[in-house]
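Hello,

Here is the structure I promised to pass on to you. Please have a look at it first; my notes follow below.

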Amino acid sequence: MRILSGIQPSGKLHIGNYFGMMRPALELAQTGEAFYFIADYHSLTSVSNPAELRQNVIDVALDFLACGLDPAKTVFYRQSDVPQVTELTWILANVTPLPMLENAHSYKDKTAQGLKPNAGLFTYPILMAADILIVQGERVPVGKDQKQHVEMTRDIAGTFNRQFGEVFVMPESVIRAEVATLPGTDGRKMSKSYGNTIEIFGDEKATKKKVMGIVTDSQPVEAPKVNLEQNIPLQFLKVVAPTRATEVEAKLVAGGYGYGEAKKELLAALLEHFTPYRQKRAELAKNLDYVNDVLRQGAARANAVADATMKQVREAVGLR
Ligand code: ADP
Ligand code: TRP
């Protein structure tokens, strides 16, 4: 089974990225041949500072390796090291109906937030389809916000196959219900673009400030708490430390136990969970030659697969 996913180097990765995509993707990688990449072409839609982009790429590489990506098993690469995806993007653009792009939630959300749309942002889903189809990815572990993009990829692949012959395998998104859309500190979806994130590798002080600042309802400390489905600290605790979550939930329901206590439990659980990764990250950061080597080797493996797909694609459409 071939598995593929990507993450944009458009800022510091957060625990929504980690629990929503990275951890499930790392687990799924145990079950097949995984290709995970750093989507730097995609990031050009939002990052315009070259030094920042380069630094973000290294940061994402460090984050992923520190959190357990095994480069001996998983093909880990930088998207721009596989420039064949841009050629495939152009070819796929010709089987992509304009209204499909106009209907993309992600595009609509971003423009609604005031982002000035350029053609890159508009055609973003075609580049994403090319990422997936060029390695013939069958399973795509992502958060719920990317579901529609994978559906578009299926539509694009289907149209291509009908028009030019069976070249592409149909991909399917893999989304875990309990972490499909994790909330940020303000209750909206946690996202780099909303400034409501808790960074995976933020320092302890910053993490504490973020966790203690999570919004909750205003039931008083003494009250036996009701409607806990919406409670963000508890929701995260269930994901980070399920046993601890059960205890905390019981105390909240009993009353005389406030949300501040629950947040402290969450903070402790987060620090505990990420401490070993933090240490590994610090070691890797001292050895960037190794990290760059991993990406180079990943690129070589991804290139071989991409070349094979492109040979079929070019033949199918009548190029060369
Ligand atoms: P952001 O919205 O912060 O820019 P990205 O678009 O880079 O995040 O997302 C990278 C991956 O992490 C995607 O698979 C996305 O679905 C997942 N993801 C992002 N935010 C969340 C969240 N709040 N809950 C669950 N998954 C998320
Ligand atoms: N669009 C994805 C995001 O913002 C990142 C991405 C780019 C991706 N190409 C992909 C995810 C291919 C899965 C498969 O999170």
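About 1,100 Å² is buried between domain 1 and domain 2 in this predicted model, and carbon and sulfur atoms give 63% of that area. On the domain 1 side, Ile-15, Phe-19 and Ala-66 supply 41% of the area buried against domain 2, more than any other three residues. If you want to select the two parts in your viewer, domain 1 covers 2–181 + 288–317 and domain 2 covers 201–281. Their contact takes 13 residues from domain 1 and 11 residues from domain 2, while the C-alpha centres of the two domains lie 32 Å apart.

Next, the charged pairs. Side chains of opposite charge can pair when their charged atoms come close. The structure holds 17 salt bridges, and the count between domain 1 and domain 2 is 2.

How do α3 and α13 pack? Helix α3 (residues 50–66) meets helix α13 (residues 288–317) at an angle of about 90 degrees, with the axes 11 Å apart. Angles of 65 to 115 degrees count as roughly perpendicular, and α3 and α13 are therefore roughly perpendicular to each other. From α3, the contact is made by Ile-58, Ala-61, Leu-62 and Leu-65; from α13, by Leu-288, Val-291, Asn-292, Val-294 and Leu-295. These residues divide into 8 nonpolar, 1 polar and no charged.

Best wishes

Note on methods. Residues numbered from 1 in each chain as written. Chains lettered and ligands numbered in written order. Predicted model: local features only at pLDDT ≥ 70, side-chain atom pairs only at ≥ 80, totals over all residues. Heavy atoms only, no water. Axes fitted to C-alpha atoms, helices over the stretch in contact; angles between N-to-C directions. Helix = DSSP H or I, 4+ residues; strand = E, 2+ residues; numbered from the N terminus. Parallel < 35°, antiparallel > 145°, perpendicular 65-115°, else oblique. Contact = heavy atoms within 4.5 Å. Nonpolar A, V, L, I, M, F, W, Y, C, P; charged D, E, K, R; others polar. Domains from an automatic or database assignment. Buried area = accessible area lost by both parts, 1.4 Å probe. Salt bridge = Lys/Arg side-chain N within 4 Å of Asp/Glu carboxyl O.
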